[in-house]
Amino acid sequence: MAPKATVYKVQLQIADMDRGYYQDHSLTISQHPSETDARMMVRLLAFALNASDTLAFSKGLCVEGEPELWQKSLSDEIELWIEFGQSDEKWLRKASSRADRVLLYTYGGRAVPIWWQQNEQALSRYQNLAVWNLPEEQVKAMGEMVSRNMSLQYNISEGEVWLSNDSGSVHIIPEQLKG
């Protein structure tokens, strides 16, 4: 029998001074058996950084041809496509052709500069693609905040994020690789 996804209840309080967005969100998210706690927290961070009334998690890792996080218009056009990890150029080309904007959040420490060096030139062609790197220590610290019922506060100002819960906080400084 295959392992099942773990379900998390998450209360987010987002205060994004950069965008003037102040909102609470109640989310139920599934963690695929192959997904680490740190990666799931990267997904939640991406949600907080791009939060809107129409931003939503898709069906996830199991669905081919969909991002894990996206924003669609009322006419079902993809306005924002968000990917995670070190995606290949072919996948990002497909995303760039289907969405108005594409964001890629990379993480993984020393592997990211190597991946970026190999892909920077090819990815520079896509004007609607932005690539952000999340430092390994900060991703690891976010992963340590995971519990089945989470209450997380995201304070975003000048491109930096303070993530906090009842037990502590993490200062996150995303590095923009491509704008």
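**Terms and values**

Tutor: Serine 164 is found in strand β9, where a strand is a DSSP run of E of at least two residues, a helix is a run of H or I of at least four, and both are numbered from the N terminus. This is a predicted model, in which local features need pLDDT of at least 70 and side-chain atom pairs count only at pLDDT 80 or more, while totals for chains, interfaces and linings use all residues. Residues are numbered from 1 along each chain as its sequence is written, and side-chain values use heavy atoms, with hydrogens and water left out.

Student: Which residues is serine 164 in contact with, leaving aside its neighbours within four places in sequence?

Tutor: Serine 164 contacts Met145, Ser151, Leu152, Gln153 and Ser169, contact meaning heavy atoms within 4.5 Å. Arginine 93, by comparison, is 71 residues from serine 164 in sequence and 35 Å from it in space, C-alpha to C-alpha.

Student: Why is glutamine 11 called partly exposed?

Tutor: Its relative accessible area is 40%, and the term covers values between buried, under 20%, and exposed, over 50%, with a 1.4 Å probe and protein chains only, so glutamine 11 counts as partly exposed. Glutamine 11 lies in strand β1 (residues 6-16) and, beyond its neighbours within four places in sequence, touches His25, Ser26, Met150, Ser151 and Leu152. Leucine 27 is 16 residues from glutamine 11 in sequence, with 6.3 Å between their C-alpha atoms.

Student: What makes glutamine 138 buried, and what makes glutamate 158 exposed?

Tutor: Glutamine 138, in helix α4 (residues 136-143), has a relative accessible area of 15% and is therefore buried. Not counting residues up to four places away in sequence, glutamine 138 touches Val170, His171, Ile172 and Ile173. Glutamate 158 has a relative accessible area of 72% and is therefore exposed. Glutamate 158 is found in the loop between β8 (149-157) and β9 (160-165), and has a positive phi of about 50° although it is not a glycine.

Student: How do you know that α1 is largely enclosed by the rest of the structure?

Tutor: Of the 14 residues of α1, 13 are buried, so the helix is largely enclosed. The span of α1 also agrees with expectation, because its end C-alpha atoms are 20 Å apart and its 14 residues should span 20 Å, the expected span being 1.5 Å times one less than the number of residues.

Student: Why is α1 called roughly perpendicular to α4?

Tutor: Helix α1 (residues 37-50) and α4 pack at an angle of about 100°, with their axes 8 Å apart. That makes α1 roughly perpendicular to α4, because the term covers 65 to 115 degrees, whereas angles under 35 count as roughly parallel, over 145 as roughly antiparallel and the rest as oblique. At this contact, Asp37, Ala38, Met41, Val42 and Leu45 in α1 meet Val139, Met142 and Gly143 in α4.

Student: Where is the kink in α3 centred, and which residues of α3 are buried?

Tutor: The kink, of about 40°, is centred on glutamine 117, the bend being the angle between axes fitted to the seven residues ending there and the seven starting there. Helix α3 (residues 111-123) reaches 17 Å from its first C-alpha to its last, close to the 18 Å expected. Its buried residues are Val112, Trp115, Trp116, Asn119 and Leu123, and they pack against α2 (89-98), β6 (99-106), β7 (129-133) and β11 (175-178).

Methods: Axes fitted to C-alpha atoms, helices over the stretch in contact; angles between N-to-C directions.
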